[in-house]
Amino acid sequence: MTYRWTCVGTTSAPCDIAPLVASSTTPGVLNVPADYLLPGNYSVSVTVTVNGLSSTKTIQFTVPLVPGGINVTPDSGRALLTIFNVTLWGWTSPTRSFPLTYTYFYTYLIGEQRRPSGDRVPLTGAIPDTSYLTKLPGKFPSATLAIIVVVTDSRGFEQTAVSGPLFIQVPPDWNVPEIIDSVVNSTTDRDKIISEIDQITVSINSTDVDTLNYLMCALRSVFEPIPIVPTSISIRAHALYSLSLKLTTPEPAACLYNLTSILVNAAQDLTLSLPYSSGLNLVDTLSNIVPFTNETIYPNGTMTP
């Protein structure tokens with residue numbers, strides 16, 4: 001009886017088990033020390049041959065980063081008013097594949113079991129910070145959210161941390177212009193401004209034309225100067241889609257179409273591959289506003305989304 005072991009990893013996480021096979025003192029047994037393999041995905045096979053007949057068994061497994069923790073305080077608050085403190089601890093790489101970076105998202109939790117909806121909305125790009133302060137949106141009158149953080153090592157291997165549920169109340173008496181003004185005046189980070197305006201568009205329970213026009217004027221004032229990168233596209237597309245869902249009159253539609261066109265054209269000019277959710281949001285935004293714009297600013301139907 002003979003045994004032939006093979007292991008397949010990835011370019012960034014190779015799998016050389018020949019020294020382990022050579023040092024094994026028990027036929028058919030392969031002991032892999034806990035710190036032998038880099039974090040990554042692996043497939044190990046053993047082929048057993050007896051009297052010329054062979055059979056192969058394969059197992060697949062993942063060696064994760066050493067997982068740490070995530071904590072968000074407080075665990076409830078008011079949409080766009082409460083500041084939530086996200087803290088990560090204990091995340092490391094057993095192979096010292098540093099630096100680690102952290103990308104922060106939020107997602108809505110759905111169903112009785114509060115499962116993530118699958119739609120991650122970015123709060124940041126990949127940053128080195130293990131703590132982050134943020135405000136969160138809601139849906140009138142309340143919603144349950146979670147913070148998701150993708151931890152990435154220097155080889156690109158990722159692991160995800162998900163916070164506990166966060167309960168968000170939406171005040172019925174919002175002064176939207178006042179909130180937007182406070183956002184615009186609080187930071188010079190234009191991506192952060194757009195992200196926070198996006199959160200306002202998701203949260204407001206309003207289709208008032210003046211409010212929507214104010215939101216789009218705020219977006220327009222920060223929209224064009226930002227370099228177009230995939231994270232920015234995702235944030236902007238979500239903001240525009242949130243606005244398009246609230247359209248009931250043609251007045252804001254022309255401005256919204258122009259903003260969407262800027263984003264689509266910039267992405268095409270840079271031949272960017274849009275993240276799936278961003279591309280979907282842009283298509284949905286255009287489909288939501290085309291009926292208004294075709295009837296008002298393009299009466300002959302010459303506009304092509």
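A search of the predicted model found one cavity of 30 Å³ or more, a cavity being a set of points, on a 1 Å grid over the protein atoms alone, where a 1.4 Å probe fits but cannot get out. The largest cavity holds about 30 Å³ of space, where volume is the space filled by probe spheres set on the points, joined across faces, edges and corners. Its lining, made up of residues with an atom within 4 Å of a point, consists of Leu123, Tyr132, Thr134, Lys192, Ser195, Glu196 and Gln199. Two or more of these residues come from each of β10 (131-134) and α3 (190-203), with helices (H or I, at least four residues) and strands (E, at least two) taken as DSSP runs numbered from the N terminus. The largest share, four residues, is given by α3.

Aspartate 153 is placed in the loop between β11 (142-152) and β12 (158-162). Aspartate 153 counts as buried because its relative accessibility is 4%, the limit for buried being under 20% relative accessible area with a 1.4 Å probe and protein chains only. Apart from neighbours within four places in sequence, aspartate 153 is in contact (heavy atoms within 4.5 Å) with Leu65, Ser97, Pro99 and Leu100. A polar atom of the aspartate 153 side chain also lies 3.0 Å from the backbone nitrogen of phenylalanine 157.

Residues are numbered from 1 along each chain as its sequence is written, and side-chain values use heavy atoms, with hydrogens and water left out. As the model is predicted, local features need pLDDT of at least 70 and side-chain atom pairs count only at pLDDT 80 or more, whereas totals for chains, interfaces and linings use all residues.

Notes
Buried < 20%, exposed > 50% of the residue type's maximum accessible area, 1.4 Å probe, protein only. Polar contact = N/O pair within 3.5 Å; in protein donor to acceptor, adjacent residues only side chain to side chain. 1 Å grid on protein atoms, 1.4 Å probe; cavity = no way out; pocket = protein on both sides within 12 Å on 5 of 7 lines; lining within 4 Å.
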